[in-house]
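Grab a pencil and work through these exercises with the structure open beside you. Try each task before you read its solution.

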Amino acid sequence: MIDPRLKELSSHVTPFAFVRYLQANGWVALDQKREGIAVCKYNNGEQFEQVSIPLDSTLHDYALAMYLAVRDVADLEGRPIEHVVRTLLNPNADILIIRIDAPCIELGSIPFDTGVSLYASSRSLITSSAQDVLHLGNGLEDCTEDAVQLFVRQCRFGQTEHSGGYIVPLLCLFLDTDGTPFEHSAIFNADTCATSLTRQATRHILEGIHSLKTAIDTGADLSIPVSADVCDSVASLCTLCPEAKVEIRVEWSPAVRDNIPAISSVILSSAYAAPLRAISGMFKANG
């Protein structure tokens, strides 16, 4: 059964972003004889799939053809089609996904005050991560605190989902050196996106939280330096609801495939809040 809403959203997918996404995930673009169609094949010896991606948005059946292509890819990846559509619709952004699962969440709804705190903590997390990256240098010597604030203001909250728990997608746009978001068509020539503040901030969130979790679990030293503000932001997420489980993951831009970590997601429980605040307190005490 075709979902009319997803069909309409699929009509806005940029074909070249779609092809770039497939190539980055092991698909091969084939030479095609029919003009206006890109054909891509996936074959890993166990799975085989071939999709035809329409290139001409003026075709009367463009939306349906794009929807069917996205659906086939989603089936192969074992992901909901709405997740794949969201990724393809935002080639100029990394998408930070924060999912809270707890007894206080019912049928995709969340208590009002808890929801307000969730969005505030999400903003705090992306802000503190960007500040970490800025203060560590990481090739961003020309960036300033103003660049961090501009980056945060350009982020956008996406539509929530109803697939278990309460999910907040945060679209983190890639910015040009003057703070202008890249257009969908221009991003394919934007080699600097892989080392931009956006990519480094989203990567730092995953690697930093994974480092904190590992240190708490094993007693090891932090492998990734993080600030007290990052610790406090993550602790706030863990205490939004009693008995909460928090999953943090990133859907990487399909157009920017370099500088992506091996870590895809991190899951924490409410039990991590106390040790996170203890680490934060230690950082603050040491200046």
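## Exercise 1: Strands side by side

β7 and β8 pair over five bridges, in the antiparallel sense. This is a predicted model, where local features need pLDDT of at least 70 and side-chain atom pairs count only at pLDDT 80 or more, while totals for chains, interfaces and linings use all residues. Residues are numbered from 1 along each chain as its sequence is written, and side-chain values use heavy atoms, leaving out hydrogens and water.

**Task.** Find which residue in β8 is the bridge partner of Arg-249, and which strand is joined to β7 by seven bridges.

**Solution.** 

Step 1. Recall the terms: helices (H or I, at least four residues) and strands (E, at least two) are DSSP runs, numbered from the N terminus. Two strands pair if DSSP finds at least two bridges between them.

Step 2. Look at Arg-249: its bridge partner in β8 is Ser-265.

Step 3. Now look for the seven bridges: they join β7 to strand β4 (residues 93-101), and the two run antiparallel. Here Asp-101 stands opposite Lys-245 in β7.

Step 4. Check how covered strand β7 (residues 245-251) is: six of its seven residues are buried. Buried means under 20% relative accessible area, exposed over 50%, and partly exposed in between (1.4 Å probe, protein chains only).

## Exercise 2: A covered strand

**Task.** Work out how many of the eight residues of strand β6 (residues 166-173) are buried, and which strands pair with β6.

**Solution.** 

Step 1. Count along β6: eight of its eight residues are buried.

Step 2. Sort them by side: Tyr-166, Val-168, Leu-170 and Cys-172 are on one face, with Ile-167, Pro-169, Leu-171 and Leu-173 on the other.

Step 3. Follow the bridges: β4 and β6 are joined by eight and run antiparallel, with Ile-97 opposite Pro-169 in β6. β5 and β6 also run antiparallel, joined by two bridges, and Phe-157 stands opposite Leu-170 in β6.

## Exercise 3: One face of a helix

**Task.** Decide where the buried residues of α9 fall when you look down its axis.

**Solution.** 

Step 1. Start with the span: helix α9 (residues 273-285) has 13 residues and reaches 18 Å from its first C-alpha to its last, close to the 18 Å expected at 1.5 Å a residue. The expected span is 1.5 Å times one less than the number of residues.

Step 2. List the buried residues of α9: Ala-273, Leu-276, Ile-279 and Ser-280. Seen down the axis, they fall within an arc of 130°, so they line one face of the helix. The arc is that of the directions from the helix axis to the C-beta atoms.

Step 3. Turn to the other side of α9, where Ala-274 and Ala-285 are exposed.

Step 4. Find the neighbours: the buried residues of α9 pack against α7, α8 (228-238) and β8 (265-269). Contact means heavy atoms within 4.5 Å.

## Exercise 4: A threonine inside

**Task.** Is Thr-202 buried or exposed, and which side chain does its own side chain meet in a polar contact?

**Solution.** 

Step 1. Locate Thr-202 in helix α7 (residues 197-218).

Step 2. Check its accessibility: at a relative accessible area of 0%, Thr-202 is buried.

Step 3. Look for the polar partner: the side chain of Thr-202 makes a polar contact with that of Asp-94 (2.9 Å). A polar contact is a pair of N or O atoms within 3.5 Å; within protein, one must be able to donate a hydrogen and the other to accept it, and residues adjacent in sequence count only if both atoms are side-chain atoms.

Step 4. Finish with the touching residues: not counting residues up to four places away in sequence, Thr-202 touches Asp-94, Cys-172, Val-250 and Trp-252.
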